[in-house]
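Q: Please walk me through this fold, one feature at a time.

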Amino acid sequence: MFEVLIDELVFKKDFKKIDRSEQQKILKTIRKKLATKPKEFGKPLRGELKGYRKLRIGKYRVIYEIEEEKILVYVVMVGYRREEEAYQKAITRLGLI
């Protein structure tokens, strides 16, 4: 079982744009899927986000990193997929540009 940590910016910034019922759905799915099998449910990202993975939850994308040696999943971003928007914001948030 993996420990799932969610960055505080997910709650402070990302969730402000998402209604409460969708937030609950996202959190439930994160805890259910990423705590048990984070590699099976998510897909690896490429390019500047290489080393991170994405989980699709409806029209939203959860961007996360697996730290296997710590048995930890770290969620860095939740965003609307619209034309790569979530990925561009994740790159900026992580300081990869």
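A: Start with the elements: helices (H or I, at least four residues) and strands (E, at least two) are DSSP runs, numbered from the N terminus. Residues are numbered from 1 along each chain as its sequence is written, and side-chain values use heavy atoms, with hydrogens and water left out. The model is predicted: local features need pLDDT of at least 70, side-chain atom pairs count only at pLDDT 80 or more, and totals for chains, interfaces and linings use all residues.

Q: In what order do the strands sit in the sheet?
A: Two strands pair if DSSP finds at least two bridges between them. Here five strands form an open sheet in the order E1-E5-E4-E3-E2, with mixed pairing. E1 and strand E2 (43–44) stand at the edges. Each has a single partner strand, so one side of each is left without a neighbour in the sheet.

Q: Which way do E1 and E4 run relative to E5, parallel or antiparallel?
A: E4 and E5 run antiparallel, joined by eight bridges. Glu67 stands opposite Leu72 in E5. E1 and E5 run parallel, joined by four bridges. There, Leu5 has Tyr74 of E5 as its bridge partner.

Q: Which side chains of E1 are buried?
A: In a regular strand the side chains alternate between the two faces of the sheet. Buried means under 20% relative accessible area, exposed over 50%, and partly exposed in between (1.4 Å probe, protein chains only). In E1, Val4 and Ile6 point to one face and are buried.

Q: How does the span of H2 agree with its number of residues?
A: The expected span of a helix is 1.5 Å times one less than its number of residues. H2 (residues 20–34) has 15 residues and should span 21 Å; its end C-alpha atoms are 21 Å apart, which agrees.

Q: Which residues of H2 are buried, and which are exposed?
A: An α-helix has 3.6 residues a turn, so residues three or four places apart point the same way. In H2, the buried residues are Gln23, Ile26, Leu27, Thr29, Ile30 and Leu34. Seen down the helix axis, they fall within an arc of 165°, so they line one face of H2. That arc is taken from the directions from the helix axis to the C-beta atoms. The face turned away from the buried side carries exposed Arg20, Ser21, Lys28 and Lys32.

Q: What do the helices lie across?
A: Contact means heavy atoms within 4.5 Å. Axes are lines fitted to C-alpha atoms, for helices over the stretch in contact, and angles run from 0 to 180 degrees between N-to-C directions. H2 lies across E1, E3, E4 and E5, at about 130° to E3. Helix H4 (residues 85–93) lies across E3, E4 and E5, at about 125° to E5. The buried residues of H2 pack against several elements, including helix H1 (8–12) and helix H3 (38–41).

Q: How many aromatic pairs are there?
A: Rings of Phe, Tyr and Trp (its six-membered ring) pair if their centres lie within 6.5 Å; planes under 30 degrees apart count as stacked, over 60 as edge-to-face and the rest as tilted. The count comes to two aromatic pairs. Phe11 and Phe15 are edge-to-face, 5.6 Å centre to centre with 90° between the planes. The ring centres of Tyr60 and Tyr80 are 5.9 Å apart and their planes are at 65°, so this pair is edge-to-face. It links distant parts of the chain: Tyr60 in E4 and Tyr80 in E5, 20 residues apart.
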